[in-house]
Amino acid sequence: MTTTGPRLAEITPENLDAALGIHVRPDQEHAVAPVVKSLAEAYVRPGIAWPRLIVDGDRPVGFLMACLGIDWYGDGSDIRSGLWRLNIAAGEQGKGYGRFAVESVAEQLRRRGTRKFYVTWHPGPNGPEGFYLGLGFRPDGENSGGQTVGLLELN
């Protein structure tokens, strides 16, 4: 029986090629790393990186990677969790998969007792700022590697 509607799937040997096949629009490539880089980072940061394939029925439509308890400054003074990467396939954008991904990460963070949900985005044309602001994230005044840091308080 085929499941309909979006869901998250762990990355496995069986769906690895599907995950690697997720590509954003060419005009968005400057704003998000490709899935292959995210999976490499997940490999070297086990326990912190939480990569998932976004699937609708049997169709891969996107990829997300959350960070769970990353040492933000590298000195133990600020441990954060949030959305590290979000790649919605070029032909699948505008269908609610990005919102589903953000809501799924928010639910995962709530289950873990986290009340602050962080995300970063590249400002400028074709970037995701409007998307994140529309979901309730607000810039927290920080900048990380040229990216705006956004925060959503979870209840």
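# Reading burial, salt bridges and a pocket

Author: Arg-110 is a place to start: at a relative accessibility of 29%, Arg-110 counts as partly exposed. The scale calls a residue buried under 20% relative accessible area, exposed over 50% and partly exposed in between, with a 1.4 Å probe and protein chains only. This is a predicted model, in which local features need pLDDT of at least 70 and side-chain atom pairs count only at pLDDT 80 or more, while totals for chains, interfaces and linings use all residues. Residues are numbered from 1 along each chain as its sequence is written, and side-chain values use heavy atoms, with hydrogens and water left out.

Reader: With which residue does Arg-110 form a salt bridge?

Author: Side chains of opposite charge can pair when their charged atoms come close. The rule here asks for a side-chain nitrogen of Lys or Arg within 4 Å of a carboxyl oxygen of Asp or Glu. Arg-110 pairs with Glu-107, with 3.8 Å between the closest N and O atoms. Both residues lie in helix H3, three residues apart, about one turn of the helix. Helices (H or I, at least four residues) and strands (E, at least two) are DSSP runs numbered from the N terminus. Glu-107 is partly exposed, with a relative accessible area of 36%.

Reader: How many salt bridges does the count come to?

Author: By this rule, nine. One of them joins Glu-142 to Arg-80, with the closest N and O atoms 2.8 Å apart. This pair links distant parts of the chain, 62 residues apart: Glu-142 is in strand S6 (residues 138-144) and Arg-80 in strand S4. Arg-80 counts as buried, at 5% relative accessibility.

Reader: Which residues are linked with Glu-92 in a network of salt bridges?

Author: Arg-59 and Lys-95 are linked with Glu-92. Between Glu-92 and Lys-95 the closest N and O atoms are 3.1 Å apart. Glu-92 is buried, with a relative accessible area of 11%, whereas Lys-95 is partly exposed at 48%.

Reader: Which residues of helix H2 are buried?

Author: An α-helix has 3.6 residues a turn, so residues three or four places apart point the same way. In H2 (residues 35-44), the buried residues are Val-35, Ser-38, Leu-39, Glu-41 and Ala-42. Seen down the axis of H2, they fall within an arc of 160 degrees, so they line one face of the helix. That arc is taken over the directions from the helix axis to the C-beta atoms. On the other side of H2, Val-36, Tyr-43 and Val-44 are exposed. The cover over the buried residues of H2 includes helix H1 (16-20), strand S2 (49-56), S3 and S4, where contact means heavy atoms within 4.5 Å.

Reader: What volume does the largest pocket have?

Author: About 920 Å³. The closest to its centre, of the 40 lining residues, are Ala-31, Val-32, Leu-86, Thr-120 and Tyr-132. A pocket is an open set of points on a 1 Å grid over the protein atoms alone, where a 1.4 Å probe fits, with protein on both sides within 12 Å along at least five of seven lines; lining residues have an atom within 4 Å of a point. Strand S4 gives the largest share of the lining, eight residues.

Reader: Where is Asn-126 placed?

Author: Most residues other than glycine have a negative phi. Asn-126, in the loop between S5 and H4, has a positive phi of about 65 degrees. Asn-126 is partly exposed, with a relative accessible area of 41%.

Conventions: Points joined across faces, edges and corners; volume = space filled by probe spheres on them.
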